[in-house]
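Here is a colleague's note to read beside the structure shown below. Please keep the sequence at hand and look up each residue as it comes up.

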Amino acid sequence: MAASRDLAFLLVIVCLVLIRGYSPLPTTSQLAETNPMRPLTPRGIATENFEFPTEDYSLLEENTVTPPITWNAVETPKRCDYNLCLESQIPCPVLSTSTGCLCPGFSLHNEVPEAPKLKSVSWNGSEVVARWCAPLSYVTAYVVTVAGEERQRFTKDQRSGGLGDMDHNTEVCVVAVNDAGDSERSCFMYRDNSLPLKAGLIGGALGFLLLLLLAVLLWRHKKQKKQEASISMHDTAETE
C-alpha cells in the first residue's frame with residue numbers, strides 16, 4: 001500500500017518536470033520588469049529606439065511669404081471743379097452727372113435765391129464794367145441797377161457786364177432772380193479811378209499849350225527886335 005503511494009508521487013513529480021521543460025514559468029525578476037500600465041505592443045517591433053519624425057515649423061514660418069492685405073477702401077467723391085465767379089462754364093449738375101463729383105449745395109427753384117457777391121465796378125477804358133460771383137442758389141437771370149434804377153439784365157451764365165458811362169461816386173447793385181423772386185442786393189460804390197489819369201492828361205495838355213504860347217511870344221518878340229534894329233540901321237544910313 002505504501003509502495004503504491006510512493007510510485008504515484010514520483011509520477012506526479014516527473015510530469016511536472018516535463019511540463020516545466022516545455023513551458024517555463026515566469027521568474028520573479030521577469031515579473032518585476034513587466035509594467036502593467038505600459039501599453040501593449042506587437043511582438044517583433046522594437047519601440048525603444050523609434051523616434052517620431054518632427055517638422056521644423058520655425059523654418060517654415062521664416063520662408064513663408066505672407067501676401068499683403070488689400071482693403072477695398074471707398075473713395076470719397078471730390079468736389080466739382082466749378083468756380084462761382086467764372087462765366088461760360090459747364091453747369092455743375094452736368095459735371096456731377098458725367099464725373100461723379102459733388103456740387104455745392106444749391107437751393108431749389110421755388111426758393112428765393114441768395115444774394116450774389118459784387119466783386120468790382122471799374123472803368124475798362126470805354127465803359128464801366130461790373131463783375132460778380134453767383135450765389136449757391138437756382139438763378140435764372142441777374143439784374144444790375146445804377147443809382148437805384150435798372151440798367152442791364154444778364155443771363156444766368158454771365159458773371160460780368162458793361163454798364164456804359166456813369167458819374168463818379170454812383171451806387172451799383174446786382175440782384176439774382178428766379179421764379180420765386182429777387183434776392184437781396186449786393187452793392188458797390190463806383191469811384192472813377194481814371195480821374196487822376198484824366199486830370200494828368202488835361203494838365204499835361206495845358207502845360208504843353210502854355211509852353212507853345214510862350215515859345216510863340218518869344219519868337220515874335222525876337223522878330224520884332226530884329227525889325228526894329230534893321231529900321232534904325234536904315235534910318236542912320238539915310239541921315240549920313
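1. How many helices and how many strands are there in the protein? There are five helices and eight strands, where helices (H or I, at least four residues) and strands (E, at least two) are DSSP runs numbered from the N terminus. Read along the sequence, the pattern is α-α-α-α-β-β-β-β-β-β-β-β-α.

2. A word on the source of the values. The model is a predicted one, in which local features need pLDDT of at least 70 and side-chain atom pairs count only at pLDDT 80 or more, while totals for chains, interfaces and linings use all residues. Residues are numbered from 1 along each chain as its sequence is written, and side-chain values use heavy atoms, with hydrogens and water left out.

3. On the protein as a whole, 19% of its 240 residues count as buried, a word that stands for under 20% relative accessible area, with exposed meaning over 50% and partly exposed in between (1.4 Å probe, protein chains only). Among contacts (heavy atoms within 4.5 Å) between residues at least 6 apart in sequence, 52% join residues at least 24 apart. The accessible surface comes to about 19,700 Å², and 60% of that belongs to carbon and sulfur atoms; such areas come from the Shrake-Rupley method with a 1.4 Å probe, and for residues only the protein chains shown count as cover.

4. Next come the disulfides. A disulfide is a covalent bond between the sulfur atoms of two cysteines. Here the term is applied to a pair of cysteine sulfur atoms within 2.5 Å, and by this rule the count comes to four disulfides. If the bonded cysteines are numbered in sequence order, the pairing reads 1-4, 2-6, 3-5, 7-8.

5. Cysteine 80 and cysteine 101 make up one of these disulfides, with their sulfur atoms 1.9 Å apart. Cysteine 80 sits in the loop between helix H3 (57–63) and helix H4 (92–99), and cysteine 101 in the loop between H4 and strand E1 (117–123), so the pair ties together parts that are 21 residues apart in sequence. The torsion about their S-S bond is about 95°, so this disulfide is right-handed. Cysteine 80 is buried, at a relative accessible area of 9%, and cysteine 101 is also buried, at 10%.

6. Another disulfide joins cysteine 85 to cysteine 133, S to S 1.8 Å. This pair links distant parts of the chain, since cysteine 85 is in the loop between H3 and H4 and cysteine 133 in strand E2 (residues 128–133), 48 residues apart. With a torsion of about 100° about the S-S bond of cysteine 85 and cysteine 133, the disulfide is right-handed. Is cysteine 85 buried or partly exposed? Cysteine 85 is partly exposed, with a relative accessible area of 27%, whereas cysteine 133, at 7%, counts as buried.

7. A further disulfide is formed by cysteine 173 and cysteine 187, whose sulfur atoms are 2.0 Å apart. Cysteine 173 belongs to strand E6 (residues 170–178) and cysteine 187 to strand E8 (residues 186–190), so the pair ties together parts that are 14 residues apart in sequence. Cysteine 173 is buried, with a relative accessible area of 1%, but cysteine 187 is partly exposed, at 34%.

8. Turning to aromatic rings, a search of the whole structure finds two aromatic pairs. Rings of Phe, Tyr and Trp (its six-membered ring) pair if their centres lie within 6.5 Å, and planes under 30 degrees apart count as stacked, over 60 as edge-to-face and the rest as tilted. Tryptophan 132 and tyrosine 142 form a tilted pair, 5.6 Å centre to centre and with 50° between the planes. Tryptophan 132 lies in strand E2 and tyrosine 142 in strand E3 (residues 141–146), so this pair ties together parts that are ten residues apart in sequence. Tryptophan 132 is buried, with a relative accessible area of 1%. Tryptophan 132 and phenylalanine 154 also form a tilted pair, 5.4 Å centre to centre with 50° between the planes. Trp132, Tyr142 and Phe154 form one aromatic cluster.
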